[in-house]
Amino acid sequence: QILRDNDVVSASQYIPMVWATFFHDAIYDPKSNRNEKDSALLFQKFAKDAPLSSSLAKMVVTMILATEKHKTLPSTEED
């Protein structure tokens with residue numbers, strides 16, 4: 001879970017969250033413990049080919065990897 005209950009998505013997190021949602025289970029093998037890592041690697045390849053900015057790609061990878069343990073991300077004061 002990236003968001004906590006009642007969280008509001010900032011404008012700077014909306015696009016990365018869309019990409020992270022799309023890619024977070026792009027690689028899924030129920031017997032694997034690397035699904036999120038492999039999904040993040042797939043996204044990194046996509047981001048390089050797209051090309052997406054490195055700051056956007058870094059945020060998306062962080063979000064994808066946060067889904068491994070169902071962590072929440074620290075809040076930001078950007079918006």
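1. In helix α2, the residues Asn-35, Glu-36, Ser-39, Ala-40, Phe-43 and Ala-47 are buried (under 20% relative accessible area, with exposed meaning over 50% and partly exposed in between; 1.4 Å probe, protein chains only). Seen down the axis of α2, these buried residues fall within an arc of 125 degrees, so they line one face of the helix (the arc being that of the directions from the helix axis to the C-beta atoms). On the other side of α2, Lys-45, Lys-48 and Asp-49 are exposed.

2. The model is predicted: local features need pLDDT of at least 70 and side-chain atom pairs count only at pLDDT 80 or more, whereas totals for chains, interfaces and linings use all residues. Residues are numbered from 1 along each chain as its sequence is written, and side-chain values use heavy atoms, with hydrogens and water left out.

3. The buried residues of α2 pack against α1 (11-23) and α3 (54-66), contact meaning heavy atoms within 4.5 Å. Helices are DSSP runs (H or I, at least four residues), numbered from the N terminus.

4. The axes of α1 and α3 come within 8 Å and cross at roughly 55 degrees; axes are lines fitted to C-alpha atoms, for helices over the stretch in contact, and angles run from 0 to 180 degrees between N-to-C directions. Residues making the contact include Trp-19, Ala-20 and Phe-23 of α1 and Met-59, Met-63 and Ile-64 of α3.

5. Ala-20 lies in helix α1 and, at 2% relative accessibility, counts as buried. Its C-alpha atom is separated by 6.0 Å from that of Met-63, 43 residues apart along the chain.

Note on methods: Helix = DSSP H or I, 4+ residues; strand = E, 2+ residues; numbered from the N terminus.
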